[in-house]
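Dear colleague,

I am passing on to you the structure shown here, together with some notes on what was found in it. Please read the notes with the structure open beside them.

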Amino acid sequence: MPSGNSGTERPEGAGESRIGPNAILQVAAALRAAAGEEAARRVFAAAGLEAWLDHPPERMVPESAVAALHQALRAELDAAQARHVLQDAGVRTGDYVLAWRIPAPVRTLLR
């Protein structure tokens, strides 16, 4: 989880599984697009991750931070809106992976 303005994790997250920062970044983008900045701040604050809206993580994040964000999202939004945000975040993540993590020749084969 965030500490200060660096976007780094707290030491207690060091022993748990890690997830790429897109698990946070794309939820933030989808949430802002669907519900606006105020809702994004409310959801991220409920998860204890509000600092990541201003200083997004650049490294792998603790699995517990992603789980907290998903739980806060479902608690703060109605079910349909939460589903929409999470689906959009998944599509955004897939688009990112396809564009930046899959070599061009493989992308051509996938199409």
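Is R32 buried, partly exposed or exposed? R32 is partly exposed, with a relative accessible area of 31%, where buried means under 20% relative accessible area, exposed over 50%, and partly exposed in between (1.4 Å probe, protein chains only).

Before going further, please note that this is a predicted model, in which local features need pLDDT of at least 70 and side-chain atom pairs count only at pLDDT 80 or more, while totals for chains, interfaces and linings use all residues. Residues are numbered from 1 along each chain as its sequence is written, and side-chain values use heavy atoms, with hydrogens and water left out.

Salt bridges

With a salt bridge taken as a side-chain nitrogen of Lys or Arg within 4 Å of a carboxyl oxygen of Asp or Glu, the count comes to six. R32 pairs with E37 in one of them, at 2.7 Å from N to O, and E37, at 35% relative accessibility, is also partly exposed. D54 and R41 form another, their closest N and O atoms being 2.6 Å apart. Because D54 lies in helix 3 (residues 51–54) and R41 in helix 2 (residues 37–46), this pair ties together parts that are 13 residues apart in sequence; helices here are DSSP runs of H or I with at least four residues, numbered from the N terminus. A network of salt bridges links R32, E37, R41, E50 and D54.

The side chains of R42 and E76 also meet in a salt bridge, at 3.1 Å from N to O. This pair links distant parts of the chain, with R42 in helix 2 and E76 in helix 4, 34 residues apart. R42 has a relative accessible area of 36% and E76 one of 31%.

Helix 5

Helix 5 (residues 79–100) has 22 residues and reaches 31 Å from its first C-alpha to its last, close to the 32 Å expected at 1.5 Å a residue, the expected span being 1.5 Å times one less than the number of residues. Its buried residues are A82, V85 and A89. They cover an arc of only 60° around the axis, which puts them on the same side of helix 5; the arc is that of the directions from the helix axis to the C-beta atoms. On the other side of helix 5, R83 and Q87 are exposed. The buried residues of helix 5 pack against helix 1 (22–35) and helix 4 (63–76), contact meaning heavy atoms within 4.5 Å.

Terms used
Helices (H or I, at least four residues) and strands (E, at least two) are DSSP runs, numbered from the N terminus.
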